[in-house]
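Here is a short report on salt bridges and overall build. Have a look at the model first, and then read on.

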Amino acid sequence: MRVIIFRRWIAAAALLLVCACANAAPSSTSIFSNKTTPAHELNDLSIFVLGITGLIYVGVSGLLLYAIVKFRARKGDTTEPPQVFGSMQIELSWTIIPILIIVILFLTTARVLFSVQDAQKPANALDVVVVGHQFWWEFRYPQYNIATANELHVPLSSKAAPRPTFMKLTSADVMHSFWVPQLNGKTDLLPNRVNEMWIDPQQAGLFVGQCAQFCGPEHARMLLRVYVDTPEQFKAWVASQQKTQPELSELPGGAQGSANETAPNVGNQGGVVQAATNKVPPNSPTTRGNVAGLGESQEISARTGQYVFEHEACISCHTVSGTVATGRYGPDLTHLMSRETIASGAAPNTKDKLLEWVGDPNQIKPGCLMPAMHLSDRQNEQITAYLLTLK
Amino acid sequence: MGTDSMPAPQGIETGLDRTPAASRTGTYLELIHSWIVTVDHKRLGILYICYALVFLLVAGAEALLIRIQLFYPDNHFVSPYTYNRLFTMHGTTMVFLVGMPILFGFGNYLVPLMIGARDMAFPRLNAFSFWISAFAGLLLYYSFIGGVGLYGTGSAPDVAWFAYAPLTERAFSPGHAVDYWAVAILASGIGSIGTAINIIATVFCMRCRGMTLSRIPLLGWLYATVSFLVLVAVSPLTAAQAMLLIDRYLGGHFFDTQMGGSAILWAHFFWIFGHPEVYVLVLPAFAFANEIIPVFSRKAIFGYPAMVAASVGIGFISLGVWAHHMFTIGMTSFGNAFFTLSTMLVSIPTGIKTFNWLATLWGGKIRFATPMLFSIAFLFQWVIAGLTGIMLSVSAWNWQLHNSYFVVAHFHYVLVGAIVFMIFAAIYYWYPKMTGRMLDERLGKWHFWLMVIGFHVTFDVMHFPGLLGMPRQIFTYEPDRGWTLLNQIVSVGGFIQGIAVLILVYNLVHSYFRGVEAGPDPWDAWTLEWSTTSPPPAYNFVVDPVVASRRPLWDLKHPEDPDSAFE
Amino acid sequence: MATVPLQHATNEAEWRLPSRGMVAMASLITAESSIFTIFVVAYLYYLGRDVSGPTPKEVLEIPYFGTVCLLSSSGFIMLAERAIEHGKMAAFKLWWSVTLLLGAIFLVDTGMEWRKLIEQDHLTIHTNLFGTCFYSLVGLHASHVIVGMLMMLITLVFALTGHVRAEHSYRVKVLALYWHFVDAVWVVVFTVVYVVGR
């Protein structure tokens with residue numbers, strides 16, 4: 001009998017111990033290793049609640065343990081103990097005391113709840129729109145006119161120069177949930193509804209998380225990567241994301257395209273060439289230039305790759321801003337190579353993995369909604385070569 | 001007679017024919033036929049329990065397959081599609097085809113006996129309820145071979161047991177997997193509502209003479225509360241599933257977000273059912289504790305009126321807490337605060353019950369037969385389960401814990417640590433009454449210890465991946481998150497529990513043929529079911545009982561100190 | 001096995017318990033009310049949220065006649081209950097038939113309303129949110145009317161063949177309680193759909 005009790009004490013001690021340890025040696029997704037104001041407030045509340053419930057546990061199970069040891073039937077004793085049917089005072093006390101504990105817990109919770117959920121948005125806050133898809137994340141920055149996927153960049157928000165990020169979350173299909181434990185609790189993404197959350201990361205670096213509401217076969221690999229950049233890094237990142245990609249067949253000499261700042265956006269604005277790239281609206285359609293011969297070319301290059309990309313239905317789902325690709329069903333690929341992973345974290349962003357993905361996405365992520373297009377190996381290589389230039 | 005730890009009771013005749021079926025001759029076919037057409041509440045109760053035990057093994061196997069898949073990150077033991085079906089079916093089976101049937105089975109068996117009635121109020125409705133529930137279970141499992149899903153034939157439902165919209169709409173779940181889920185559970189809900197009506201009518205209208213409502217065993221009060229909850233809470237699920245079927249088959253738009261429908265409405269409707277549902281599952285566990293703990297402490301339950309008030313109070317409050325499953329869905333801060341408060345409030349009556357059990361033990365003479373071992377484990381585990389529930393009710397912290405393995409650990413602590421443990425206690429306690437034979441105590445102790453060890457290895461440890469950020473319902477996980485070792489430990493515990501359950505199954509079968517004869521009252525207990533033979537004759541009691549207190553057999557055995565003197 | 005003897009002087013006062021049928025019917029009504037509540041909540045929640053299609057104001061006409069028939073049928077069924085209590089079987093059959101008739105008129109009226117909505121206004125269950133909610137809620141109620149009428153028809157047949165007698169008045173009351181419930185639900189549905197919702 002003592003062994004049961006012993007085991008339970010061990011369980012309780014272990015629980016408290018690991019919670020303490022979790023803070024000291026955080027795994028990359030421990031809920032106790034908080035890096036933002038909301039996460040910090042949640043953490044403080046959680047320690048408080050753990051403390052109170054821990055005390056209750058110690059008290060009640062201590063009494064239970066005592067009772068089953070002290071009041072064991074002695075061998076051979078067949079008499080009945082005195083029958084006690086109740087006691088008004090005792091019963092009242094163990095009704096009143098829990099009520100008081102509840103009041104304290106509730107008031108503490110309410111304070112944190114209102115402070116986090118109803119926080120006012122400061123004027124310099126960064127706005128991010130998060131749209132959940134099966135099985136990837138779309139991130140839009142309306143203040144900067146950029147769109148990206150799966151890897152979120154936000155600026156550091158130090159105490160001296162606070163710059164929180166306020167996010168609006170919705171879904172394009174089913175329910176999802178945005179959860180990066182080190183940055184905040186999770187918020188659900190619902191279709192036909194906009195939810196809000198905010199973070200103000202006080203430490204730069206990479207923070208990981210994943211979708212936390214079952215959304216279909218690849219729910220497990222709808223991963224999140226949040227890069228908290230210093231203000232300078234963030235500015236540079238925004239600038240690079242705002243550049244468009246060229247329509248390679250327009251360029252003289254058929255250069256292996258790379259993100260060319262001064263590439264003209266032919267066909268836009270009635271033929272007037274936009275001067276500064278920063279002001280070029282993304283997703284603007286262009287007219288196609290002369291592409292004779294590209295379709296039959298065996299050359300593996302960005303030009304031939306872009307030709308295949310634009311003629312084999314890739315553009316019906318994907319956007320490469322500055323080109324004719326303006327699809328919105330799949331992730332924005334304009335700066336694909338600025339990301340460290342593909343397929344919302346399911347694979348690293350390397351040439352081999354890109355090639356494998358383009359060939360048949362279901363090899364890496366069975367159940368994802370990008371179909372295998374059954375192109376030839378050469379065409380796949382050509383497309384990969386093109387994608388590799390989308391820096 | 002009597003077992004080693006129990007003295008022979010006084011005044012109970014033992015020499016009568018205990019097996020009324022002994023004189024009946026007939027073929028096996030006639031035997032099976034009699035079980036199929038039976039309207040006897042005892043037989044239906046046993047049918048429910050056996051049916052549930054079969055599905056317990058099936059759903060347990062599903063759980064073990066899940067645990068094997070999660071043993072390593074990036075494991076390929078099962079495909080993502082199969083995995084999603086496994087956890088959906090594991091949850092759906094355990095709640096609807098194990099939990100509800102076994103608890104209704106015990107209710108069916110015990111309620112009429114304990115209130116001195118000869119059967120339930122509506123025996124034929126009783127039989128109908130059982131058979132439609134049985135059909136529902138078979139229909140759900142037929143989906144494995146009959147469902148035509150997006151990914152080919154053989155699609156069981158794969159949308160999680162709470163089947164959130166719009167994932168369940170035609171657009172995202174073509175094929176019939178979701179339909180099997182909706183129709184099967186709808187049918188089983190009809191069975192549950194039928195049984196609930198029956199139990200309420202029985203408790204209020206079929207009590208024996210002298211048994212006022214304040215004298216019925218606490219099990220009667222708890223089952224009446226459970227039945228009321230079923231009436232009010234299972235119906236919303238029925239309605240929501242009807243709406244889902246209208247969407248899927250008649251082109252309705254209840255949850256069609258493209259046409260203005262709302263995903264959050266499904267969540268509300270489901271949890272308006274879902275939360276009271278877990279109280280439907282746990283209140284019978286409390287009922288068993290209320291009967292078993294006093295008998296093995298040799299004291300009356302402490303504070304009967306408070307226990308009644310607490311039980312009914314839990315029933316009512318539980319109707320107002322459902323959105324604590326939805327703290328992250330985007331309710332207003334006021335909504336979140338309201339449900340935090342209501343959820344915390346439910347802990348008051350629950351605490352009262354826990355303390356009353358403690359007070360019942362206090363000053364008693366505790367005997368550690370197997371039913372009591374499980375009950376004591378239940379008490380300790382219930383405290384933890386309730387406390388992790390308080391943690392989850394703190395809505396702000398819930399934003400981190402929701403949909404993580406912390407929640408999975410919490411509800412398994414309730415479902416396994418409290419409910420399954422008390423079901424095991426009830427099996428060891430009432431098996432002698434149902435079959436006339438005692439379950440083997442040695443095997444019982446093996447079952448108990450393996451179950452305790454396996455349970456704690458799995459579900460104590462399972463809290464930690466949740467605290468370290470592991471969401472639920474994922475078929476695999478990243479290797480660099482620090483979850484691997486924890487998952488492996490959890491999986492090992494699952495297999496230990498599997499062995500424990502197999503020992504129980506062996507015990508059930510073996511003792512049926514070779515167990516020690518039990519007699520009418522092996523535990524020296526005090527409620528009316530122990531005043532008749534084991535197993536009882538079809539008519540339960542030769543003469544209608546008349547009672548004058550809450551413990552009629554105590555009065556009989558202790559004429560110098562009867563309870564009726566105090567009431 | 002033993003009888004449990006009394007501990008003190010027998011209290012020979014009458015041991016009265018509530019009747020099973022009424023308790024069971026009340027329980028069933030509780031469950032059904034719960035179902036209707038969910039459909040009503042959905043209806044109210046979706047008011048005004050249609051993306052397209054006809055709105056309630058545009059197409060709904062208040063079904064005065066059908067409502068009067070249905071609600072008055074509650075009065076007639078009460079007359080039938082009273083009749084069988086006093087053993088007046090002829091009167092019972094008469095009032096029972098009138099109740100059935102009024103129920104049938106209500107259903108026909110509903111059917112005609114639906115026909116107009118479908119053919120003229122092109123409102124079906126899949127037109128928009130309003131269509132879905134309207135047909136579901138009113139349809140659910142109508143299905144309960146049909147079930148009630150079926151039970152009453154069976155009773156009428158048994159009454160006409162002489163199998164229903166005064167001692168069955170209690171069972172008739174239980175059935176009548178169901179019918180009263182159906183009428184009460186119509187009051188709620190009517191208010192929600194034709195008053196609040198328009």
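## Salt bridges in chain C

C:Glu119 and C:Arg115 join their side chains in a salt bridge at 3.5 Å, N to O; the term stands for a side-chain nitrogen of Lys or Arg within 4 Å of a carboxyl oxygen of Asp or Glu. The two residues sit four apart in helix H4 (residues 89-119) of chain C, so about one helical turn separates them. C:Glu119 is exposed at 52% relative accessibility, and C:Arg115 is exposed at 55%. Here buried means under 20% relative accessible area, exposed over 50%, and partly exposed in between (1.4 Å probe, protein chains only).

A salt bridge of 2.8 Å, N to O, also pairs C:Asp121 with C:Lys116. C:Asp121 is partly exposed, at 23%.

## How the values were made

This is a predicted model, in which local features need pLDDT of at least 70 and side-chain atom pairs pLDDT 80 or more, while totals for chains, interfaces and linings use all residues. Residues are numbered from 1 along each chain as its sequence is written, chains are lettered from A and ligands numbered from 1 in the order written, and side-chain values use heavy atoms, without hydrogens and water.

## A bridge in chain A

Over all chains, the count of salt bridges is 23. One of them links A:Glu340 to A:Arg225 at 3.0 Å, N to O. These partners lie 115 residues apart in the chain. A:Glu340 is partly exposed at 46%, whereas A:Arg225 is buried at 18%.
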